[in-house]
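Welcome! Here are some exercises to work through with the structure open beside you. Try each task before reading its solution.

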Amino acid sequence: MKGVTLEELRQLALDSKASLWQKACSLNREVKLYLHWSAGHYGQFFDDYHINIDRDGSVYVSTEDLSAVLAHTWRRNTGSVGMALACCYGATTKDLGNEPPTAAQMEAMAQVISVLASVLGIPIDLQHVLTHGEAGDNMDGLDITEKYGMNSTCERWDIAILHTGDGWGSGGDILRGKAIWYQYHS
Ligand SMILES: [Zn+2]
């Protein structure tokens, strides 16, 4: 894992843009961003994601090629970027446990979304920027997999909520809203 600044991430996205779009277009898709949590510990990173974000908001990349096809989101890994908050070990849908997403992590993920969406030329909406919980239910309207997300089997519900007790499914909207705010204020 390599720590990067947002400016360095912007450059990596620029360098990967053509390849990401080529891969997405090969499947008649657009480039997408997928938002995860690791269900691991703070400070524990996984190379299934292009980008890992630690509890203090620091950002790490597992590869400098953001078009690399990694194993983050079932049947959606081609032409997409996967990012994860390093948190939520032992979380349940009722209680996010002792390592919930921190405020610094949420802000950092919103900034990462903002930078990537700008450089890659995609809008920050449910069709292009999805939590794993949303992607698992094909909430972008693409019929890619059997539903396994936050409103069906709940096998994957990453970021359905950001705090224990939040309205179910609010996490994606909160992060997209923050990311849009950063786009207008940067
Ligand atoms: Zn996930």
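**Exercise 1. Locate Asn28, decide whether this residue is buried or exposed, and look at its phi.**

Step 1. Asn28 sits in the loop between α1 and β2; helices (H or I, at least four residues) and strands (E, at least two) are DSSP runs, numbered from the N terminus.

Step 2. The relative accessibility of Asn28 is 78%, so this residue counts as exposed. Buried means under 20% relative accessible area, exposed over 50%, and partly exposed in between (1.4 Å probe, protein chains only).

Step 3. The phi of Asn28 is positive, near 55°, in a residue other than glycine. Most residues other than glycine have a negative phi.

Before going on, a word about the model: it is predicted, local features need pLDDT of at least 70, side-chain atom pairs count only at pLDDT 80 or more, and totals for chains, interfaces and linings use all residues. Residues are numbered from 1 along each chain as its sequence is written, and side-chain values use heavy atoms, with hydrogens and water left out.

**Exercise 2. Find where Ile159 lies, and decide whether it is buried or exposed.**

Step 1. Ile159 is placed in the loop between α3 and α4.

Step 2. With 0% relative accessibility, Ile159 counts as buried.

Step 3. Ile159 has a positive phi, near 65°, and is a residue other than glycine.

**Exercise 3. Describe helix α1: its span, its bend and its buried residues.**

Step 1. The 21 residues of α1 should span 30 Å at 1.5 Å a residue, and the end C-alpha atoms are 29 Å apart, which agrees. The expected span of a helix is 1.5 Å times one less than its number of residues.

Step 2. At Ser16, α1 bends by about 50°. The bend at a residue is the angle between axes fitted to the seven residues ending there and the seven starting there.

Step 3. Buried in α1 are Leu9, Leu12, Ala13, Ser16, Leu20 and Ala24. These buried residues pack against β1 (2-4), β3, β4, β5 and α2, where contact means heavy atoms within 4.5 Å.

**Exercise 4. Examine helix α2 and its residue Ser114.**

Step 1. In α2, 13 of the 18 residues are buried, so this helix is largely enclosed by the rest of the structure.

Step 2. Its 18 residues should span 26 Å at 1.5 Å a residue, and the end C-alpha atoms of α2 are 26 Å apart, which agrees.

Step 3. Ser114, found in α2, is buried, with a relative accessible area of 5%. Apart from residues up to four places away in sequence, Ser114 touches Ile124, Ala179, Tyr182 and Gln183.

Step 4. After α2 comes Gly121, with a positive phi near 75°.

**Exercise 5. Identify the protein donors of the zinc ion and where the histidines among them lie.**

Step 1. The donors are His36 (ND1), His132 (ND1) and Asp158 (OD), lying 2.1 Å from the zinc ion. Donors are N, O and S atoms within 2.8 Å of the metal (3.2 Å for Na, K and Ca); water is not among the atoms, so sites may look incomplete.

Step 2. Along the chain, the donors follow the spacing H-x95-H-x25-D.

Step 3. His36 belongs to strand β2 and His132 to helix α3 (residues 132-135), so the pair ties together parts that are 96 residues apart in sequence. Both His36 and His132 are buried.

**Exercise 6. Find how many disulfides the structure holds, then check Cys88.**

Step 1. A disulfide is a pair of cysteine sulfur atoms within 2.5 Å, and a search of the whole structure finds zero.

Step 2. Cys88 is in no disulfide, and the nearest cysteine sulfur, that of Cys87, is 3.8 Å away.

Step 3. Cys88 has a relative accessible area of 2% and is buried.
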